[in-house]
Amino acid sequence: MAKRIELNVDGKAHTIDADPDMPLLYALRDDLGLRNPKFGCGLAQCGACTVLIDGQPVRSCSMPVDAIGKGKITTMGGLVQNGKPHKVQEAFIAEQVPQCGYCMNGWVMTTVALLEKTPKPTDAQIEEALTGLKCRCATHASIMRAVRRAATA
Amino acid sequence: MNTHLNRRHFLATGGALTISVLMPGEIARAAVAGLDKRPPLDPKKLASYISIRADGSAIAYFGKMDMGQGTDTGVAQMVAEELDLPAEKVIILAGDSGTSLNQGGASGSTGVSHGGATLRNAAAEARYVMLEIASKQLNVPMEDLVTANGVISSKTDASKKMTYAEVVGGKWFDTEVEWNGKIGNDLSMKTRAKLKDPKDYKVYGTSAPRRDVEYKMLGTDDYVVDIKVPGMLHARTIMPPRAGAVPVKVDEASIKDIPGAKVVFEKALLGVVAPKEWDAIKAANQLKVTWSDVPAPFPDQKDLFTHIRNAKVLKAGGSPKNVEPAKVEEAFKGADKVIEATYEWPFQSHASMGPACAVVDYQPNGITTLWTGSQKPHFAGDGVAKILGLKPEQVRGIWVAGPGSYGRNDAGDAAVYAALFSKATGKPVRYQGMRHEGSGWDPKSPASIHTIRAGIKDGKVVAWHFHSKAFDRLNVSSNESDPSDNLGAQAVGFQAKPGLTYGTPEESYAFPVKHQTWEVIPPFLEVMNPLRSSHLRDPLGPEIHFANEGFIDEVAFALGQDPVAFRLATATEQRDKDVLKAAADKAGWKPHTAATKTKKGDVVTGMGIAYAQRNGTRVAIVAEVDVNVKTGKVHARKFTVAHDCGVVINPRLLTQGIEGNICQGLSRALHEEVNFSKDNVTSVDWLTYPILDITERPHEIDVVLINRQNLPPSGAGEGSMRPVVAAVGNAIFDATGVRLRRGPFTAERLKAGMA
């Protein structure tokens, strides 16, 4: 049965009526009309749906909307502050990373979280943070360049 | 309507014209161009290819699309070059049957070589027309006029000048052109103008930036999954647990607790729709279905290659250069020794990043719109028209960036499903598959066996026979204009029309007798087949050349020769020798006549080379691998790629496209194999169909671009995918002495080989 649920997304408060078991992804896409997080697998295996909750990367396809509580949700679009993209977005743009770009939420949001914790990561630390994310167009070379660039920005 | 069309193109020009509302038909075309009226699309009219906007910038109407390799940027550069405009002053409006002629969609790496070449001619003609008009108005002979940066001026009197905007800005060209009468990739038109001399190129060879990166990174524009139409329903399909089974009983009451959820059940087509996406997904999971009892369609997977070997042959063919079969056998009889090897390659999946999505708004009395991530939106629109019983001109196909595209994936199925569900419900429908459909039910690249024989006499190859036996390259056509290729259409009774074709290696090796043949076998199921086969990026290229180039190495070593030296001596075209030499030199190739098996601790290292042609493009790749002898795990540490695709238009985007192909090719070499039970495909997600992980990335990809300034571009979308598997296989042999003749090169397989 539908339940009234409050969500804080990209600094704005929203209230939706939703099945409490519905994954957060559908609240963001369908109820709030946001287009950033994508459905890739629905199984938390790829990262295309990744958002930050209180700064931690979360696969929104597998997180029940009712389990978020007061957590502050940030989407990739919400990284843009006062019209200025986040340095990770700027680095990915400068390196022209995406081909289809459908997977980018995972790489960007996970990199944002990595650089918060480890501002100057080694290649090994970057790989450790990003392992498991999928990019079917196989832009891995560009992704590594962009993450290194963001870390030195 | 709340839809978006390639808004990025307009943003790329500084936002002078942004379109966020778009309606089908004439109004939309006018709105897109910022003009009151656009003449109907007609290949005989220059206006169908190009227009000059009121500010003097140009729009080229591209009947293909870009899947993120920068094709549209390259085409903009080609148009800009002929118009003497900077690249950023050329907008490419791509992949919309309402604004562009059908140039075949993305197909066979022809975006630049065919699609771009046609628009380049259109640009040259547009410049010619503008010179004609300016000549009259300025009273200066055409030959005394020059163009630069959108300004036409007299060579002798600089005060006599007009901008493009003043000549035709904001108006449609009313010039007739001569076209070749071919719709699709080959569509071309003639220009009266002489194309620019390569020595005068200014825009070619520069690294103009891509146009789609910002919106993809900032989330500021729609993908096809983001299209929303008022009143739209979400749809999902329910697929049989055993392939070939059809629904016989559906318990609609089993989803009655889900708000607004409804069943669509027509013949074997079974879906659910709901106003909310999550409800459609829940309904699809919850719906109780009784399926027909059918025999298991597949053999045991371990018998796949035995099945292919023993299967009846539906069609055979070969290279047009083949000699009489009797002469081939005669040549082998004259040999001192015959070497033979068989290579095997599994089914592979597109496994696009997300399952395919399409939105269809069925309007039987107006214009029906299809929003699709398909590579071929014009053809997909034609297919939707046929399944809906409409005329082609009643359907507008609009490409919107989708979740990845590497050939004939599940996008065609999504378009037909959305169309059928929209018609059945009378509402606009957004359909997206689930992961198990994206991986499990997409058309696969066909599993194959390749047997190669070489006859040796006096230390030389005197006879060569390359033979493939495989599933159909086009059991599902790559062109989406026939709905019968799609699962949804097959479910409502359309019969598949298999293409029955295959291919042969492309290289320039010369042997006294050289023969290349193929045989195609029947699919496991005629329709609704999760192992139906079609095009996956560089169709057949990786597997055919895995066999061909692996065997070239085997023959070189059998003759006591170095793999690079043997190729250089055997390839006959100079450009092929050039890429081979460039890759080997840059990689620091050390000649050897046997596996070097360099060992350090638990790791053996090796270097392998492979090369191939692809429709005029030539690529040689040296792979360097580390193999852990305890685990069998391969790390392809470095690739050196020499690439010749004629003239280089955008070196940076070309290099990045090559890097993508290397990594995707490596993924296919190391991991990718569609697994199946006797009932169905069991590779249904990323755990059961793993792809390359960031931890497995090559640490270095060194790209050598050979720029043939005077040769036309021959395509770069897929050529560098072609030799990757072979180069990795040859490097693994060099490291371990183990010749893997079956892919992918998994740790288990290599460990078993080394045991």
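How far apart should the ends of helix 10 of chain B be, at 1.5 Å a residue? Let's find out in these close-ups of a predicted model.

**View 1. Helix 10 of chain B, end to end.** This helix runs over residues 377-388. Just past the helix comes Gly389(B), with a positive phi of about 70°.

**View 2. The surroundings of helix 10 of chain B.** Look around the helix: 12 of its 12 residues are buried, so helix 10 is largely enclosed by the rest of the structure. Among the buried residues are Pro377(B), Phe379(B), Lys386(B) and Leu388(B). The packing partners of the buried residues are strands 14 (357-361), 15 (368-372) and 16 (395-399), together with helix 11 (411-425) and helix 13 (487-491), of chain B.

**View 3. Helix 3 of chain B.** Asp84(B) follows helix 3, and its phi is positive, near 55°.

**View 4. Where chain B touches chain A.** Chain B brings 46 residues to this contact and chain A brings 45. On the chain B side, helix 6 (213-218), helix 7 (277-286) and helix 17 (651-670) are the elements giving two or more residues. Helix 17 of chain B gives the largest share, six residues. Sorted by class, the chain B side holds 20 nonpolar, 14 polar and 12 charged residues.

Technical notes. Residues are numbered from 1 along each chain as its sequence is written. Chains are lettered from A and ligands numbered from 1 in the order in which they are written. This is a predicted model: local features need pLDDT of at least 70, side-chain atom pairs count only at pLDDT 80 or more; totals for chains, interfaces and linings use all residues. Helices (H or I, at least four residues) and strands (E, at least two) are DSSP runs, numbered from the N terminus. The expected span of a helix is 1.5 Å times one less than its number of residues. A residue is buried if 20 or more other C-beta atoms lie within 10 Å of its own, exposed if 12 or fewer, and partly exposed in between; C-beta atoms are placed from the backbone. Two residues are in contact if their C-beta atoms, placed from the backbone, lie within 7 Å. Ala, Val, Leu, Ile, Met, Phe, Trp, Tyr, Cys and Pro count as nonpolar, Asp, Glu, Lys and Arg as charged, and the others, Gly among them, as polar.
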